[in-house]
Number of protein chains: 2
Amino acid sequence: MGYNIDGLAERRETERTKYFEKSRSHMTAATHQGKLTLAAVAREAGVSAPTVSKVINGREDVSAETRTKVLTALARTGYKSPVQHRKILTGRQAVEVVFDSLNSAYAVEVLNGILEHAAESDIDVVLSVTGKQGATPLSPEQRARRIIDEGRCGMIVVTSAFGADQLDAFHRRGVPTVVIDPLNPPPGDVVSIGTTNWAGGKDATSHLLDLGHRRIAYVGGPDGAECNQARLHGYMAALRARGLSAEDRYILSGPFRTDHGVQGMKTLLRLEPRPTAIFAASDSIALGVLAEARRQNVRVPEEMSLVGFDGTYLAEESVPALTSVTQPLQEMGRAALRFILRQMRGETLDSRRVELATKLVIRDSTAPPQALEPVA
Amino acid sequence: MGYNIDGLAERRETERTKYFEKSRSHMTAATHQGKLTLAAVAREAGVSAPTVSKVINGREDVSAETRTKVLTALARTGYKSPVQHRKILTGRQAVEVVFDSLNSAYAVEVLNGILEHAAESDIDVVLSVTGKQGATPLSPEQRARRIIDEGRCGMIVVTSAFGADQLDAFHRRGVPTVVIDPLNPPPGDVVSIGTTNWAGGKDATSHLLDLGHRRIAYVGGPDGAECNQARLHGYMAALRARGLSAEDRYILSGPFRTDHGVQGMKTLLRLEPRPTAIFAASDSIALGVLAEARRQNVRVPEEMSLVGFDGTYLAEESVPALTSVTQPLQEMGRAALRFILRQMRGETLDSRRVELATKLVIRDSTAPPQALEPVA
DNA sequence: CTGAAAGCGCTTACAG
DNA sequence: CTGAAAGCGCTTACAG
């Protein structure tokens with residue numbers, strides 16, 4: 001056998017991780033007795049060893065069908081290349097995590113969830129941030145290669161900087177990959193985690209309608225973002241359910257940032273008639289709305305009700321505290337890692353898309369329209 | 001050839017590390033032309049390949065004389081096993097980074113600085129957070145052992161959870177370690193990075209004095225924290241320089257958190273005479289002060305001036321924007337990593353303690369006492 | 001103690 | 001697109 005891996009195995013017998021044990025339990029009878037070689041995987045998949053080699057090395061000259069068979073066999077047997085194998089015997093696993101930026105409470109909460117679950121599972125987290133790439137920008141193939149070379153056990157993507165080609169490159173090479181709240185649906189088989197944005201948008205809007213508001217504006221997120229579209233459609237659905245229709249001029253879009261909220265509020269306050277309530281697509285946007293309201297002496301919630309989205313600590317700490325649609329951000333992070341661990345163990349996933357439930361949390365920024373008394 | 005190392009070498013020709021280049025320059029003519037295989041080393045040593053294999057794998061059944069010949073040849077040719085070779089060609093170094101928590105703009109900014117410099121230096125960042133430790137709590141020795149086993153190139157500590165014993169354990173084992181803004185001075189030789197807290201505290205207070213304030217309160221950080229003591233002493237020095245003395249009841253302490261600011265403001269507003277200005281030991285504390293001011297309808301800066309500390313985006317985005325002592329947080333992160341890289345390279349450091357300069361940034365939360373007109 | 005020979009696991013080149 | 005065959009580099013078993 002190659003490169004003295006077994007000597008190592010002997011010396012460090014006690015350090016085998018639970019994974020390794022688990023992955024063994026998924027091996028089929030055929031592979032159970034022998035070593036788990038590439039040839040064994042080939043047998044399992046009903047193809048030749050060279051074909052498995054090609055799939056592992058990301059060659060193009062493999063049919064989609066064969067590739068699928070091989071990937072399945074790889075997952076089922078829990079095959080590890082000698083390098084990975086050695087890594088499992090001697091070291092800790094690490095998951096690669098990539099964020100767009102950490103400058104949002106949203107990102108930090110998701111990261112907290114990942115870190116927590118990683119600590120529990122004894123896995124390292126290798127963090128990087130898009131835009132802070134090294135001197136040499138990498139092609140999707142190179143990046144995938146590197147992830148494999150470094151022996152990462154998977155990839156959590158919380159950025160829109162990775163296109164479908166990149167995600168596909170990870171997936172084709174069998175790197176378990178999970179995308180959190182993607183702007184666009186990821187390609188084919190890549191797992192994605194989101195929340196019930198549509199329901200959240202509907203809940204936020206219904207709450208305002210229940211309070212008696214009829215002119216409700218939506219200060220939305222980026223036009224292209226799927227989560228924003230879902231929230232917008234939830235908003236429209238709630239209006240329609242009461243026989244109201246959305247007015248274009250009450251619907252804005254822009255980045256999930258405070259300054260967009262400031263601009264949006266300026267725009268809305270110039271309208272005649274003004275809306276009496278605003279549903280903001282994120283807490284940061286809502287804080288911008290709130291700041292501009294304060295500058296223009298528009299009292300919240302007396303003269304303007306405001307609902308945010310995300311439910312981060314920003315919502316709790318703002319004055320007035322912000323009614324907001326809470327997303328289980330930590331849980332999203334935890335779930336992402338959980339999925340990767342499952343894929344590593346070769347378990348079959350029930351679904352490629354998971355939506356966790358949002359929950360409207362009512363605080364002090366919403367009230368009936370034209371309320372005369374400040375909320376206590 | 002084995003495990004695709006050569007294809008890799010081709011594809012990543014440009015990425016060879018200086019390392020590798022160095023080892024090449026040691027190759028003899030014989031090995032220069034071909035690949036540097038174990039067989040080539042054998043030729044060089046005048047023995048067979050199996051013999052070299054035995055030496056590399058630490059077998060006993062090799063004569064001392066033969067072993068010496070082989071070791072010499074190994075050194076002269078710079079032979080690397082496939083695994084090592086691969087690691088050199090593809091492998092990256094990683095620095096271990098430990099935070100107390102990421103739930104502060106302060107922490108995220110420091111982390112941003114680390115990530116940025118890491119990306120530039122092609123180094124991975126392995127992040128963890130204190131309190132989210134795995135199932136098995138590690139002893140200082142075990143933790144140090146693990147850092148070494150995983151081949152980390154260094155350790156950046158932004159937490160008070162590691163005591164002097166832990167830091168010492170890292171240092172004794174030769175793991176380059178840098179502590180950022182430690183609550184207490186780290187032991188002996190460990191490098192620490194901070195800012196000019198004393199000067200910052202003095203600047204903040206002098207600014208308020210210059211505006212004409214005489215009753216200035218300090219809503220401080222944790223009693224034990226060195227950075228807090230320095231800020232407090234800067235505050236007192238500024239007062240003394242004007243012939244004023246600090247009043248105990250104007251000096252509070254507590255955690256660097258919003259709720260402490262809220263409580264502090266409640267306490268101060270009950271005093272008679274009230275202070276006309278507050279120096280808060282962090283932006284989060286200042287935001288708590290600001291929130292309570294709003295609740296109690298105390299206008300800032302007209303009825304109460306407020307200076308924060310940190311200069312994170314929180315200060316910029318608050319309404320009114322917060323005058324604050326800016327710390328170069330990103331630069332602290334960058335500097336920490338820079339120090340580790342230097343220690344790795346064996347450079348001698350001029351100093352075990354670095355203080356970066358703070359800078360007072362004046363925004364809209366400070367004004368002369370009892371100003372009648374709001375600041376534009 | 002040494003190394004020729006056999007073997008292992010993976011990859012490559014190429015015939016079909 | 002696939003896989004039999006050849007090849008590579010390292011290791012092992014064993015004859016001397």
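This is a predicted model: local features need pLDDT of at least 70, side-chain atom pairs count only at pLDDT 80 or more; totals for chains, interfaces and linings use all residues.

Biologist: How is chain A divided into domains?

Modeller: Domain 1 covers 5–88, domain 2 covers 92–195 + 329–355, and domain 3 covers 197–328. The centres of domain 2 and domain 3 of chain A, taken over C-alpha atoms, are separated by 30 Å. Their contact takes 15 residues from domain 2 and 14 residues from domain 3.

Biologist: What makes up the side of domain 2 of chain A that touches domain 3 of chain A?

Modeller: Helix H8 (105–120), strand S5 (191–195) and helix H16 (329–344) of chain A each supply at least two residues. H16(A) gives the largest share, four residues. By class, this side of domain 2 has seven nonpolar, five polar and three charged residues.

Biologist: Why are H5(A) and H6(A) called roughly perpendicular?

Modeller: Their packing angle is about 90 degrees. The label applies from 65 to 115 degrees. H5(A) and H6(A) are therefore roughly perpendicular to each other. Their axes are 10 Å apart.

Biologist: Which residues of H5(A) and H6(A) meet?

Modeller: From H5(A) come A:Thr51, A:Val52 and A:Val55. From H6(A) come A:Thr66, A:Arg67, A:Val70 and A:Leu71. That contact has four nonpolar, two polar and one charged residues.

Biologist: What is the strand order in the open sheet of twelve strands?

Modeller: The order is S11(A)-S5(A)-S4(A)-S3(A)-S1(A)-S2(A)-S2(B)-S1(B)-S3(B)-S4(B)-S5(B)-S11(B), with mixed pairing. Strands from chain A and chain B both take part.

Biologist: Why do strand S11 of chain A and strand S11 of chain B stand at the edges?

Modeller: Each has a single partner strand, so one side of each is left without a neighbour in the sheet. Neighbouring strands of this sheet are turned by 25 degrees against each other on average, direction ignored.

Biologist: How do you know that S5(A) and S11(A) pair?

Modeller: Pairing needs at least two bridges. Four bridges join S5(A) to S11(A), and the two run parallel. A:Gly194 stands opposite A:Glu355 in S11(A).

Key: Residues are numbered from 1 along each chain as its sequence is written. Chains are lettered from A and ligands numbered from 1 in the order in which they are written. Domain bounds come from an automatic or database domain assignment. Two residues are in contact if their C-beta atoms, placed from the backbone, lie within 7 Å. Ala, Val, Leu, Ile, Met, Phe, Trp, Tyr, Cys and Pro count as nonpolar, Asp, Glu, Lys and Arg as charged, and the others, Gly among them, as polar. Axes are lines fitted to C-alpha atoms, for helices over the stretch in contact, and angles run from 0 to 180 degrees between N-to-C directions. Angles under 35 degrees count as roughly parallel, over 145 as roughly antiparallel, 65 to 115 as roughly perpendicular and the rest as oblique.
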